[in-house]
Amino acid sequence: MTGRISLLAFVAASGAVHVLPAMPATGLWAMVLIGAVLVSIFAWLFLPAPLPTCILFPLWAGLLGFAITVARVEHRLSDALAPDNENKVTRVELRIAGLPRLSPDGRQFEADVISSMPEGVPSRILVSWQAPGWAGPYGRADRAPAEFPDLVPGQVWRMALTLKTPVGRRNPHAFDYESYLFAQGIRATGSVRGQPRHLDTQAWASLEIIANRARHHVRAAMQPYLEGKRYGAVLLALSIGDQASVEPGDWQVFNRTGITHLVSISGSHITMIAAMGGMLVFWIWRRMRWRGRYLAERMPAQVAAALGALLIAWLYCLLAGWGVPARRTFFMLAVLAMAYVLRMPLSASRLLIVVAFVVVLLDPWSLLASGFWLSFGAVGVLLASSGWWGQRVGGEQPTRVKSLKRFLMQAAHLQLAITVALMPVLALIFHEVSLASPLANAYAIPLISLVVTPLSLLLAATALVPVLSPVAQVLAWVGHATLDAMMAPTVWLAGWRAASFTVAAAPLALTLLALAGIVLAAMPYGLPGRRMAWLLIVPALAWRSPKPPEGGWTLHALDVGQGGAIVIQTARHALLFDAGLRSSAVSDAGERIVRPFLRAHGIGRLDVLVVSHADIDHAGGVRSVLEGVPVEQSFSSFDLQAYLHRESRLLGRPGDMPPLPLAVSPCRYGLAWQMDGVSFEFLWPLASWEGAPAETGSKERNDQSCVLRMRGRYHSALLPADIGAGPESELVARELGPIDVVLAAHHGSRTSSSASFVEHVGAAHAIAQMGPWNRYGHPHPAVEARWEQSGARFWRSDRHGAVRVASRSGGLEVHGLRQMARRYWQAY
């Protein structure tokens, strides 16, 4: 037990490093080390055996885990982009290391830097190579894909790159892109400038490159057989783990039905392939001879099968991309094989703890991946549940039908147990729990595991052999037909309103209580009240975020990059002001940021949606918001329905309209309403500005933006969208009055926030939403200085992340997420 606790202490201490805002100083290290030595001396001198061992082994194991992780973090932090190279063009000689991600307009890949001019470039960077003629945010449905050279891992290129330190969007309970890149060892991103030059190919530079070259060739061989097939990208993902081509809408279906783990290479797939390979080795080993003796006489066939299965699992894990679930599965199989060969007894708890220790020792950042927790959690439930059923003794031998029925019932119970057990973890990570998961998995698991996955792997093998082209065509057709048939009921289940429910982000205490309930409920029979432990999950699932008091309000200026999105909460209502930018035909801030934020805060509907104007950085995410959240009332300075119709045509989906709000109205001067003691009033546009044609220029659209004033019992706020100095002067002439919190108009542009306007409102806080290193130069230094000179605290989403403003009787509470929940990998 002491050994297992020590390994857990190592893992826990490694995880503790990842919540630190910065690495500990040398002086603190010295104090901790002296304290540990003193505790050790006291324990050995004064405590009776075996207490010193039980205390000191976990203590020093934890210190070792903490020290090793800190040392590796410090090493990675030192491999940073030099400040002089920030957002500047650098000539870099690099070697493609990762499998390139393909899109019609570009290529993206991880690369190892060989040399650079000037120096100061990190060893691993992420390169984006875009086509010269950008097709725009609505894609290139009417244009042929751009032509690129065949980018293969191991190729050496000379490129001119604009390099930047990775800075991602930082919003509460959302995906942290910076931590993801840091965990991958990527310390800079580069955009290609000019025409790169291919210099050489180093095919055997590293095991990573060898594996990714194999993945590249398999993908290139499979693509002709999958072209034009609706779910061809899923077959590719099941073969080599390349998920980049799977459509976002498909991922939404997979998440709502709880089958995401099946459409990516998971532990069950690797185990199945390893088992099939092991059985083949076992069959061959018993029949082969060497120098007149059977191989089984030299080495037992069971041992050879275990080693062969392990080798096949390792090769498949490399082909799958060596992700966290693949690593967990391989090391688990390795520990099991070692225990079998050495005839060592191994309990389920020892197996899980040893494998977790090995995974974290080799990659301490694996703890930041959701796959780590989901993978180990699912396996833990499966291993614990092995003691839930026994074998009936005596009686008649069950028939095959009864045996099959018993097996199916046990499989259904296991799937239900895994679904319920992982609910708090899924709620914590994704804020959505699938109720359709047991039903969908009941038919999806056998179809994908026993039919689709083997067929996709056979397709990958036969596609590499030109003479087997007819066989590959048949395999592709049968595999896709099976997957297509499986997706028909799955899509219907995903559209079912009760297929899933959202869960607000619960406090840490309730999450830990839920996890404790899962551990207790997963115990074998004999523990009193074990079944009742499931009830400990309920508080985390039923949690609702605290709401403002009557007359108070909370404003969230989300970090959506170069765009605008503001969520306002009152005691019982929610309002969204703008929905962020559409960046491509399949990606926009409404889907990536706004909807996850609403789920995490338990906001299931919007009472009011305001779309200030028709610019794509404010209205680009409206479609996704309407598709995911019911909206009662919308206001806009343009014809919202016509905008959505036009967008459908541009996306190549004419007539595909999202659900419209129950009421659609224009915003206009003087329109006002109240919610929970908070008054809302439009101050702009005036009647003379209304009804501008859709083809107006950007400045005209900006100047007719909806301007919303919010006044609660204690404080007021103003949201002026993108108006310029002209409308600002008219607002001042109408005695706008003092305002506590102001959204800096037009992202802090120099054409807004005029001196008279800034002086008139006298705000205590000004917030500017913009993307880092944006090409518009927002916010303008003069504007930022003007607000600060007026006495306002100036908040920037690129430096502070999402900004939360809470109006309460005790005063205004304002903070930026990057400062409140800082992590050591943050650039700012």
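In which loop is D676 found? D676 sits in the loop between strand 19 and strand 20 (678-684), where helices (H or I, at least four residues) and strands (E, at least two) are DSSP runs, numbered from the N terminus. Before we go on, a word on the ground rules: this is a predicted model, in which local features need pLDDT of at least 70 and side-chain atom pairs count only at pLDDT 80 or more, while totals for chains, interfaces and linings use all residues. Residues are numbered from 1 along each chain as its sequence is written, and side-chain values use heavy atoms, with hydrogens and water left out.

Phi of D676 is near 55°, a positive value in a residue other than glycine. D676 is also buried, at a relative accessible area of 7%; here buried means under 20% relative accessible area, exposed over 50%, and partly exposed in between (1.4 Å probe, protein chains only). The loop between strand 13 (574-577) and strand 14 (582-584) holds D578, which counts as buried at 2% relative accessibility.

Seven strands form an open sheet with mixed pairing, in the order 19-20-21-22-23-24-25; two strands pair if DSSP finds at least two bridges between them. Strand 19 (672-675) and strand 25 (793-796) stand at the edges with a single partner strand each, so one side of each has no neighbour in the sheet. From one strand to the next, the twist averages 20°. Axes are lines fitted to C-alpha atoms, for helices over the stretch in contact, and angles run from 0 to 180 degrees between N-to-C directions.

Now look inside the sheet. Strand 22 and strand 23 (residues 741-743) run parallel and are joined by two bridges, and A717 has V741 in strand 23 as its bridge partner. S716 belongs to strand 22 (residues 716-719) and is buried, with a relative accessible area of 7%. Leaving aside neighbours within four places in sequence, S716 is in contact (heavy atoms within 4.5 Å) with W553, M710, R711, P738, I739, D740 and V741.

Helix 27 (residues 781-789) lies across strand 23, strand 24 (765-768) and strand 25, and runs at about 145° to strand 25. Another cis peptide bond links M117 and P118, with omega about 0°; P118 lies in the loop between strand 3 (106-117) and strand 4 (124-130).

Let us finish with helix 2. At 1.5 Å a residue, the 21 residues of helix 2 (residues 26-46) should span 30 Å, and its end C-alpha atoms are 30 Å apart, which agrees; the expected span is 1.5 Å times one less than the number of residues. Which residues of helix 2 are buried? They are A36, S40 and A43. Seen down the axis of helix 2, its buried residues fall within an arc of 70°, so they line one face of the helix; the arc is that of the directions from the helix axis to the C-beta atoms. An α-helix has 3.6 residues a turn, so residues three or four places apart point the same way. Helix 3 (51-78) is included in what covers the buried residues of helix 2, while M31, I34, L38, L45 and F46 are exposed on the other side of helix 2.
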